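Dear colleague,

Please find below the structure that I am handing over to you, followed by an account of what was found in it.

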Amino acid sequence: MFPKARESQVLLDVVSQLAKQNLQLLILGRKHMLTQRFRWRKDEMEKVQKQASCFFADDISEDDPFLLYATLNSGNHCKFITKDLMRDHKACLPDIKTQRLFFKWQQGHQLAIINRFPGSKITFQHILTYDTVVQTTGDSWHIPYDEDLVERYSYEVPTKWLCLHRKT
């Protein structure tokens, strides 16, 4: 079993990989990330700051609203990475239709790390270019589903599709 990586090392690995792709990067975090601790090494955070624009909010503030605003304001091409599933924000939305709209937006913009091994490339979960809802064309239906009530995160989608076709 591998020892758990420092948060600053994980962040540095992600930023370094994305910076090599010449992407514009904005890191939003809290000021405690800049102080030397076991989880946040100062030298690693300095390397992060050289490769990305950074904004560190006060430790008592919420950073999620900054993240959502920055992502939305940056345009439809912008993606974000966080371990937060944004359930609290979704629950605050006024109705089911708005919550569903937020969920669809989140699925199209939130990247999730699925594999990270020290010294190797980080793998992100692919963002789908299609909607994982029932789709129909004429007399055919495609229905996404999970087997055995699989638990999954909000950014994860069903991987199986039931295809039905009406006999003529």
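The largest pocket has a volume of about 2000 Å³. This is a predicted model, in which local features need pLDDT of at least 70, side-chain atom pairs count only at pLDDT 80 or more, and totals for chains, interfaces and linings use all residues. Residues are numbered from 1 along each chain as its sequence is written, and side-chain values use heavy atoms, with hydrogens and water left out.

A pocket is an open set of points on a 1 Å grid over the protein atoms alone, where a 1.4 Å probe fits, with protein on both sides within 12 Å along at least five of seven lines; lining residues have an atom within 4 Å of a point. The volume is the space filled by probe spheres set on the points, which are joined across faces, edges and corners.

The lining of the largest pocket comprises 50 residues, and Leu 11, Val 14, Ile 81, Thr 82 and Ile 113 lie nearest the centre. Helix H1 (7–19) is among the elements that give two or more residues to this lining; H1 gives the most, with seven residues. Helices (H or I, at least four residues) and strands (E, at least two) are DSSP runs, numbered from the N terminus.

Elsewhere, three strands form an open antiparallel sheet in the order S7-S8-S9. Strands pair if DSSP finds at least two bridges between them. S7 (135–137) and S9 (160–165) each have a single partner strand, so one side of each is left without a neighbour in the sheet. S8 (residues 140–145) pairs with S9 over six bridges, and Ile 143 stands opposite Leu 162 in S9.

Yours sincerely
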